[in-house]
Amino acid sequence: MAITLCVVLIFVAAIHRCEGDLRFASYYGDHMVLQKSPESAVLWGYGSDGAPVTLILSGPTKQKTSPVTVTNGIWRVTLDPVEAGGPYNVTAVTKDSNATLKDVLFGDIWLCGGQSNMWFHMSMVFNASEELTLSEKYRDVRFFMASLRTGKTEQLDLTDVEIPWSVAPTNLEGFSAVCWLYGRYLYKTLQYPIGLVESCWGGTPVEVWSSARALQQCGLDNAGPKNNSVLWNSMIHPLLNMTIKGAIWYQGEANTYYHEDKYTCSFPAMIDDWRMSFHKGSGGQTAKDFPFGFVQLSTDVKNSTSESFPNVRWHQTANFGYVPNERMLNTFMAVALDLPDPGSPLGPIHPRDKQDVAYRLTLGARAVAYNEKGVAFQGPFPKQILDNGTHVIVNYDQKISVNKSDQIFEICCTETPVSCGSKSHWVPAPIVWSNKTSVELSTKFCEPSQEVGALRYAWRDWPCDFKACPIYSGDKILPAPPFIFNRYSP
């Protein structure tokens, strides 16, 4: 499968200052953010074999590490934990050389991955000029973007840098909108530095971001194209030594036509493998269960009857319909099926409203990653479904806001106790009544001899217009996610 990309902007800049052959690895640079306490930041780079390297931290607090020896051309140092703040200078010193990173802050590092909706630039969003002007107020939110390169084998360092560590508004036009807005919203809550690392590529399936080890768990290691793992090798594996707080992800569109049925395995397996790999790569500094947020697929084709998008939305949750769940612990999800954008210049599959997407992700991060109490981050989800023969009653897990719909709910009518799937006979189940926590659905389109074998909600590529789905949270902020429930298991 070809890996596609619409636009590439190349930024050429120095990523370190150095004298002699001593230098930092590619993703360390002036203006960067290093992970704050309680974790310890890991720094590494290159030098002459046998040379002792000392790291000196100067700023609000000071550190001087014990010398480490360059081995096979590589040195690596783990700092003592540093509280949020700055600015700092970080200097690597040998007898004959030194290299300094300037204007370094300590805060939380978030990795932003996925395909084109994560790559989607700040210059393309609604109100782009206002957002770019506003960005000048957020000088403690720093960002970096890896270059788009493939690799046949796991690489130690990035081949190149697309955007060096930057302070907005410099370089922000070409940076991920979801990633930046997420970082900005987080900063407003946390009030300490946020570092954003973008590593994504348009048109890519999850398989190229997964190690062979992860793919093997899903029977995909010998399946499909030769480019399995090529972006894991070149754009994720090089970052493993970096201590991070967590990751956010916007991908899945490419898997609506490639190994769709495997996504319920491949996506959670990738998350598990990233967690293990970042934990090991950072010497145990990155949490082995670091928080992982993702965007549930938005929309693509209005009036489409294809079930690929709803299927992948379901698979994104490991077929639970919500996260976190027992298969996907410490995760959070932004529902986006109510944010269609038929007028998007890059096509409806690329909606321009990244503000709501990022805000919903931020709610999840506050609740899951930062354990903030009282933050609602999940839309309404059924806690009980009752069938009395003429009606189906759906009781939700929270207060709901309802707009009546004749089409959004569907039931599968069966003569015998069988599991319902995409090829089954589905009919509308109109909403006939609702209260603060429940909806009642008519089963009038089933024959008297039939029973309701299954119920599903918003099971379409494009289930509603902009922010106009029938079921929202009581405050009308969070849309209910899609679901499908079978009376009889497959």
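This is a predicted model: local features need pLDDT of at least 70, side-chain atom pairs count only at pLDDT 80 or more; totals for chains, interfaces and linings use all residues.
Buried, in these notes, means under 20% relative accessible area.

**Entry 1: Asp 30**

I started with Asp 30, which sits in the loop between β2 (23-24) and β3 (33-35). Is Asp 30 buried or exposed? Its relative accessible area comes out at 17%, and the cut-off is under 20%, so I log Asp 30 as buried. A polar atom of the Asp 30 side chain lies 2.8 Å from the backbone nitrogen of Lys 102.

**Entry 2: helix α3**

I moved on to α3, residues 177-190, and checked its length. With 14 residues at 1.5 Å each, the helix should span 20 Å, and its end C-alpha atoms are 20 Å apart, so the two agree.

How many of the 14 residues of α3 are buried? I get twelve, so the helix is largely enclosed by the rest of the structure. Among them are Trp 180, Tyr 182, Arg 184, Tyr 185 and Tyr 187. I note that Arg 184 is on that buried list, along with Cys 179 and Gly 183.

Then I looked at both ends. At the start of α3, a side-chain oxygen of Ser 176 comes within 3.0 Å of the backbone nitrogen of Cys 179. Just after the helix, Gln 191 has a positive phi of about 60 degrees.

**Entry 3: aromatic rings**

I ran the ring search over the whole structure and got 34 aromatic pairs. One of them is Phe 24 with Trp 75, an edge-to-face pair with 5.4 Å between centres and 75 degrees between planes. Where do the two partners sit in the chain? Phe 24 belongs to strand β2 and Trp 75 to strand β8 (residues 74-78), 51 residues apart, so this pair links distant parts of the chain. I checked burial for both: Phe 24 is at 0% relative accessible area, hence buried, and Trp 75 at 1% also counts as buried.

**Entry 4: charges over rings**

Last, I looked for charged ends above ring faces. Which ring does Lys 354 lie over? That would be Phe 120, with Lys 354 at 4.7 Å from the ring centre. I found an arginine case as well: the charged end of Arg 456 is over the ring of Trp 426, 4.0 Å from its centre.

Definitions and conventions: Residues are numbered from 1 along each chain as its sequence is written. Side-chain values use heavy atoms; hydrogens and water are left out. Helices (H or I, at least four residues) and strands (E, at least two) are DSSP runs, numbered from the N terminus. Buried means under 20% relative accessible area, exposed over 50%, partly exposed in between (1.4 Å probe, protein chains only). A polar contact is a pair of N or O atoms within 3.5 Å; within protein, one must be able to donate a hydrogen and the other to accept it, and residues adjacent in sequence count only if both atoms are side-chain atoms. The expected span of a helix is 1.5 Å times one less than its number of residues. Rings of Phe, Tyr and Trp (its six-membered ring) pair if their centres lie within 6.5 Å; planes under 30 degrees apart count as stacked, over 60 as edge-to-face and the rest as tilted. A charge sits over a ring if NZ of Lys or CZ of Arg is within 6 Å of the ring centre and within 35 degrees of the ring normal.
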